[in-house]
Amino acid sequence: MVSVKSNKSKTRCERMTVCNRKGGCGKTSVAINLAASLVKKGFKVLAVDFDPQADLTQTLGQSAPEEYRDLEKTVYDLLMKKDGLLTDFITSSKIPGLDIIPSSDDLQDTPLIESRYVIPTLCLQSRLSHANLDGEYDYLIIDTPPHFPFYVQAALTASDWYIIPVSSGSKFALTGLTKVIKGINQVRMEANPDLRALGILVTLYDGRTNVSRVMEKRLKDTYGEHVFEAVLTRSTVQQKAESRGLAVQDTAKTSNLANDYRALRTEVLTRIKQGGTLLTA
Ligand SMILES: Nc1ncnc2c1ncn2[C@@H]1O[C@H](COP(=O)(O)OP(=O)(O)OP(=O)(O)O)[C@@H](O)[C@H]1O
Ligand SMILES: [Mg+2]
């Protein structure tokens, strides 16, 4: 009798980075709410807080960032410790089914920064490899800081996809976007040729204001299909959710913003299936 080996492959973990060097454009909110929305669909999700500000950790963590730091369970420890398993740095969040790798201000530590981006990049890349994640998680979402460009480069090197949130609330939102896209493409060309865009995402949208309407139009005119159809509405339910350490869908399920996040999830899943896009500046 011939024994047939099972060749059932592990489910691939789709790894995405949320990035834009503009501060306050909604990166962390997108990372949290997209992650939570994917969990709601039954997916297993890991969110990595790769920002020394630790906003994602403060919102979703069961402990404060300093406590994770003292326990040596942050993304900083993941980068600095040569041994140990990825699972040593993963912890559950306030949202059942959503795991996180927390952050704390020790990510600003000088030795790590002085090592420039080569070492953190390689560490993150090997820790968050498909070999470690496939079969364990369906999606990995990395939240990144507005500063520390080498952390953003490291996150992009360890990702398959990226999303760029752009605030429609400021007329300066598009300033520097070309540079951001150029920087991402440099990572793609030099370190991660498979990296693809999921899209540019209009955030903090208030249709009653001229600035939001103009910014959305400008983005669509410039970047066309690279801009998500889904637009995130500006709403106070965002702050309510944040203050309770929850996702918008768990505090205001029927709100416009919860609907926006569901639309974003659908589009993200479709765009991944379609292979994303090559976004150039
Ligand atoms: N849809 C929304 N409606 C209203 N406020 C929002 C919305 N999304 C985000 N915000 C608010 O905007 C601020 C910035 O959001 P967020 O922290 O997600 O941005 P960020 O890009 O991660 O910022 P940073 O660059 O500092 O990391 C927060 O106070 C958040 O509550
Ligand atoms: Mg943030």
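Author: Start with the largest cavity, lined by Asn33, Ser37, Ala247, Gln249, Ala258, Tyr261 and Arg262. This is a predicted model, where local features need pLDDT of at least 70, side-chain atom pairs count only at pLDDT 80 or more, and totals for chains, interfaces and linings use all residues. Residues are numbered from 1 along each chain as its sequence is written, and side-chain values use heavy atoms, without hydrogens and water.

Reader: How is empty space found, and what is a cavity?

Author: Rolling a probe the size of a water molecule over the atoms shows where empty space is left. On a 1 Å grid over the protein atoms alone, a cavity is a set of points where a 1.4 Å probe fits but cannot get out; lining residues have an atom within 4 Å of a point. Grid points are joined across faces, edges and corners, and the volume is the space filled by probe spheres set on the points. Here the largest cavity holds about 40 Å³.

Reader: Which elements line the largest cavity?

Author: Helices are DSSP runs of H or I, at least four residues, and strands are runs of E, at least two, numbered from the N terminus. α1 and α13 each give two or more residues to this lining. α13 gives the most, 3 residues.

Reader: How many cavities of 30 Å³ or more are there in the whole structure?

Author: The search finds 2. Ile32, Asn33, Thr59, Gln238, Ala241, Glu242, Leu246, Ala247 and Val248 line it. α11 supplies the largest share, 3 residues.

Reader: What sets a pocket apart?

Author: A pocket is an open set, with protein on both sides within 12 Å along at least five of seven lines. The largest pocket here has a volume of about 480 Å³. It has 26 lining residues; Gly24, Cys25, Gly26, Ser29 and Glu242 lie nearest its centre. α1 contributes the most to this lining, with 4 residues.

Reader: How does the lining of the largest pocket divide by class?

Author: Ala, Val, Leu, Ile, Met, Phe, Trp, Tyr, Cys and Pro count as nonpolar, Asp, Glu, Lys and Arg as charged, and the others, Gly among them, as polar. This lining has 7 nonpolar, 14 polar and 5 charged residues.

Reader: And the second largest pocket: what is its volume?

Author: About 270 Å³. Its lining has 14 residues, with Arg21, Pro149, Val152, Val180 and Gly183 nearest the centre. By class, they are 8 nonpolar, 4 polar and 2 charged.

Notes. Chains lettered and ligands numbered in written order.
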